[in-house]
Amino acid sequence: MDKKSILNLEIHDGFQWRRLGFVTLLENESLGLNAKTEFVFDFDHAERFVERSDLFAPSCLVPVSFEPKTFDGWPPFLLDLFPQGAALKYVVDHYRIADRPENYWRILKKARLNPPGNVRVVVEDEESPKENSPDAHMGFSRSEVVDKGPNFLEHMVRCGAPVTGTTGAGGAAPKFLLREDYSGRFHADGALSDEKTKSPWLVKFPRGRSLDDRDILRSEKILMEIASELGFTSPKSVSWENNCLFVSRFDRLIGDKTVVYLGLESFYSLVGHCDFGSRLQHETYLRALARFGTEPKRDCIEYVLRDFFNVMVGNTDNHGRNSSVLKGDGWVRLAPIYDIAPMKFDPEGLVRSTRWGDEGNIGAISKLLHEVVPMDVGEFKSHLNIFYDKVTRLVPRMKELGLPDRYINGTSSDRQFMQECIGSYLGKTHV
């Protein structure tokens, strides 16, 4: 088998990176995502974790096994490892590879990334630049990160700092995965050892230079704070400084000079969907969450309420990679909320890509919850009633936290629609 047709994967099992297995192309890479593949687990990994589908598997749909698994195209979990948005632009520019489907396999093999989660591609291509060992560079101050903005990566390169893993996060806005050491200095995700890591961060900058680009990112901090107040599972820390958003990573847990790598799987992967930018229904994701989640009732309720909140604040960028499950040793949970911003006002005009089959029919959603969890109507109504009471005070809170008036006013009809739908189902009169 041609070495170029084999993709080696590693997994972090809580102690170190180990061989997970390998994906083999069974057809020409020019077919892009439609090329048939086979995935085989490393024998030692399979022997230790056979039948596990949590932290130790690349996907809940692909439990650890001794048997090869074939796919009609790429394994869906591979797309969670594929660079996207600003990260993709960096890779294709750096290696001068055209961003076309026939080059996707080559791009994935070239991309020296540590993506979110605990699975990564092993870069073995001799053409790829060799990185220095961890802890070889003194790192950068927080002010350097903020001041350099979207050009921080180029600044790292000019300073001779290792950049492995820096661009691992997807999305159109420039995002960097950084680690803060105990001296308060920042390093690329793959350039600081676990024992010297104090805090892991996702650092985001505006996707452009317009006022909306800056305010949309600033609004993410505000909406994250409100989401936490509404009871949604959220990152522990979110801060805004001079057009720069610092978000604490929830897929890394810091111990006593240790870092636990949690698994992170998008809903696209969770339902076995292998494509970019597709539109699926919430019902599909909710059934998958109920099937694989270890606390399905709690997570399914939160999933539904998150969508209602997204509608109310104009967060239209709700595709299947902007929601995920977090995976630990023996558990699978809905990941904390992320990438929540008033994208309705984005200059590119993003529209909701994930919808309910009968948009606004709360009764139908309640019936679905009863089918998949199960859950009685009274229990769902109890949670919905608490949510309804909180969101009736949403506008004063948004104003208090400084959300721009044009976003508040521009989503008034969305809030009214959602509150009327919920109020009607609960038998309340919306004012």
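**View 1. R415 sits in helix α14, which spans residues 412–426.** In this predicted model, R415 is buried and yet forms no salt bridge. The nearest side chain of opposite charge belongs to D414, and the distance to it is 6.9 Å. A salt bridge would need a side-chain nitrogen of Lys or Arg within 4 Å of a carboxyl oxygen of Asp or Glu. With neighbours within four places in sequence set aside, the residues in contact with R415 are M312, L394, V395, M398 and I408.

**View 2. Helix α2 (residues 85–95) packs against α3 (104–110) through its buried residues.** The buried residues of α2 are A87, L88, V91, V92 and Y95. They lie on the same side of α2, because the arc they cover around the axis is only 125°. After α2 comes R96, which has a positive phi, near 55°.

**View 3. V373 and P374 are joined by a cis peptide bond.** Omega for this bond is about -10°. P374 is located in the loop between α10 and α11.

**View 4. N242 is a non-glycine residue with a positive phi.** The phi value is about 50°. N242 belongs to the loop that runs between β9 (238–240) and β10 (245–248). Its relative accessible area is 52%, so N242 is exposed; the cut-off for that term is over 50%.

**View 5. D339 also has a positive phi, in a residue other than glycine.** Here phi is near 50°. The loop that holds D339 lies between β15 (331–334) and α10. Is D339 buried or exposed? The relative accessibility of D339 is 17%, so D339 counts as buried, the limit being under 20%.

**View 6. Residues 126–131 have a pLDDT below 50.** For the protein, the average pLDDT is 92, and 95% of the residues score at least 70. Over residues 126–131, by contrast, the pLDDT is below 50. This stretch has 13 contacts in the model beyond near neighbours in sequence.

Terms used: Residues numbered from 1 in each chain as written. Predicted model: local features only at pLDDT ≥ 70, side-chain atom pairs only at ≥ 80, totals over all residues. Heavy atoms only, no water. Buried < 20%, exposed > 50% of the residue type's maximum accessible area, 1.4 Å probe, protein only. Helix = DSSP H or I, 4+ residues; strand = E, 2+ residues; numbered from the N terminus. Arc of directions from axis to C-beta. Contact = heavy atoms within 4.5 Å. Lys, Arg positive; Asp, Glu negative; His and termini not counted. pLDDT = per-residue confidence, 0-100.
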